[in-house]
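Here are some friendly notes to read alongside the structure. Keep the viewer open and find each residue as it comes up.

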Amino acid sequence: MAALCCLVPLLPAAAAPGVPHWLGAPVDWPKAGLLAFLHGCWESLAQGLPTPCLVLVRRLLRRLLRRPAPPERAPARPGVHAFFPVLFAGVLMLPPAAAALVAVPAALLGGPSGPGCRPRQLFNGSQLALCAFASSAAFHLLHGPQLLLGSRFPAALLPGIAAVAVFCLVNGAVVGAMLVLSEGRRPRVLLRGAHSACGLPVLVHAAGGLMVAVLWQGPYGAFAALLTLLPLSISAWVFAQGQRERDAHQATVQSLVQAVEIKDSYTRGHSERVGRASVLIATQLGMEDERLRTLRFAGILHDVGKLGVATELLRRNGPLTEEERRAVEIHPVYGYELVRGIDFLGEAHAGILHHHERMDGRGYPSGLAGEQIPEFARIISVADAFDSMTSTRSYRRGRPVGEAVAELERCSGSQFDPVMVRALIDALAGHDWQPVVHPEDCIQAVPDIPLGVPEPVRAAPGRVPTQGGNVPAAGQP
């Protein structure tokens, strides 16, 4: 309804009395229509989808040749509008109501299609229309059109910067309000959304829109203006292809995890939680984003080697024999063999292979100690033990977070890296980690064993077992 109200100034003066002159200025309809068409084309390009013209040609050819329609390709970033230079150019060159219209066709005709997608498309179109209207209104109120036509720089930059700021704030506020209403998020998401909307990509796109507007209204005309979009077009297309590749990586990881969780129902969701806890630890340590992404994959796939372990051993709720324990302890090697050919995992390979090593060298499969253990493996070891202790497994009921943290501290230095343990504790102070809740009948079938029960010492491979004494361990294989 708010977006429709933005279009009122387009009505004749008799139907829309009291509208300010600058708000109801005459519209250059050919320019508005061309901008709307170009915005739709470049938006499709940024989504990695064919442009509307190409779609129309393909449909005509299929009808002429009577061929069935191929499966529809999903956008690289569903529901996300990623290319704003043309829209910003409309904000700078058109009255507010006409600038709002530029955003609508791309939102309604692009993105995911289907019976359940129409509300999303309507919301996206209304959202961008509101942003464009508010941004253009701010630009006009600061006399931006006069400064732009006179090429008065840098004075014309101030209204442009104000227009970009208003666009980002309205965009973040609308998305935040929708999250509050639809998902029950806390109101502070409004401020977070407005802050996240003001990023470097938006500023770059705004600069591109300014160049388009200046050239379009200058002596060189629309053709020269469109040439300025070529570099941004190439970068948008490359980004869309990269996004598709990342989506393919995520799908590969999820397929492997789903196979493990089907085999062992007690670990359902465990892999994702270990990945999340690993990222919490690494973020506390200041790890860069690219390594965080790889670490998350390593955490999610850390138990993929259990595909090579007998299902009966994984679901056993009683003690294992020494031979059975060795069969379970080989799962990191199986996991490494399964994923070592997946190049994008990179550093994750070592994390998967060594996540059951111990700081005192009594872990498996290689008996590494201290700093010999890869960083990813030391992080995953803590995250894995923490989630195992706070969720119900086939051999023990889940314990409260406080008990799990106390157990991690008790085993710090012998089984776990103290730095990683402290990082997890600090991260939990700012995050509300909720233990997994299982059905009552499932919990009653599992023994209630306290944490910290001693178990016999296992020697590192190639070493002689220590005679006598027990060492408590925080987690099971």
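This is a predicted model: local features need pLDDT of at least 70, side-chain atom pairs count only at pLDDT 80 or more; totals for chains, interfaces and linings use all residues.

1. Let's begin with the largest nonpolar core, which has 42 residues. Within this core, Ile 281, Leu 301, Val 382, Phe 386 and Leu 408 touch the most other members. At least two core residues come from each of α12 (229-263), α13 (270-285), α14 (289-300), α18 (348-354), α19 (375-390), α20 (401-410) and α21 (418-429). The top contributor is α19, with eight residues. There is also a second, separate core of 37 residues, and Leu 87, Leu 94, Phe 139 and Leu 148 are among its members.

2. Which residues does Val 382 contact, leaving aside its neighbours within four places in sequence? They are Ile 281, Leu 408, Phe 416, Met 420, Val 421 and Leu 424.

3. Next, look at α14, a helix of 12 residues. From first C-alpha to last it reaches 17 Å, close to the 16 Å expected at 1.5 Å a residue. Its buried residues are Leu 292, Thr 294, Leu 295, Phe 297, Ala 298, Gly 299 and Ile 300. Among the elements covering them are α12, α13, α18 and α19.

4. How do α14 and α19 meet? Their axes come within 10 Å and cross at roughly 55°, so the two helices are oblique to each other. The crossing is right-handed. On the α14 side, the contact is made by Arg 291, Thr 294, Leu 295, Ala 298 and Gly 299, and on the α19 side by Glu 375, Phe 376, Ile 379 and Ile 380.

5. Now compare the pair α19 and α20, which pack at an angle of about 140° with axes 9 Å apart. That angle makes α19 oblique to α20. Here, too, the crossing is right-handed. From α19, the contact uses Val 382, Ala 385, Phe 386, Met 389 and Thr 390. From α20, Val 401, Ala 404, Val 405, Glu 407 and Leu 408 take part.

6. Finally, find Asp 303 in the loop between α14 and α15 (311-314). Is Asp 303 buried or exposed? Its relative accessibility is 5%, and buried means under 20%, so Asp 303 counts as buried. Apart from neighbours within four places in sequence, Asp 303 is in contact with Val 260, His 270, His 331 and His 355.

Notes. Residues are numbered from 1 along each chain as its sequence is written. Side-chain values use heavy atoms; hydrogens and water are left out. A nonpolar core is a set of buried Ala, Val, Leu, Ile, Met, Phe, Trp, Tyr and Cys residues joined through side-chain atoms within 4.5 Å. Buried means under 20% relative accessible area, exposed over 50%, partly exposed in between (1.4 Å probe, protein chains only). Helices (H or I, at least four residues) and strands (E, at least two) are DSSP runs, numbered from the N terminus. Contact means heavy atoms within 4.5 Å. The expected span of a helix is 1.5 Å times one less than its number of residues. Axes are lines fitted to C-alpha atoms, for helices over the stretch in contact, and angles run from 0 to 180 degrees between N-to-C directions. Angles under 35 degrees count as roughly parallel, over 145 as roughly antiparallel, 65 to 115 as roughly perpendicular and the rest as oblique. A crossing is left-handed if the near helix is turned anticlockwise from the far one by less than a right angle, and right-handed if clockwise.
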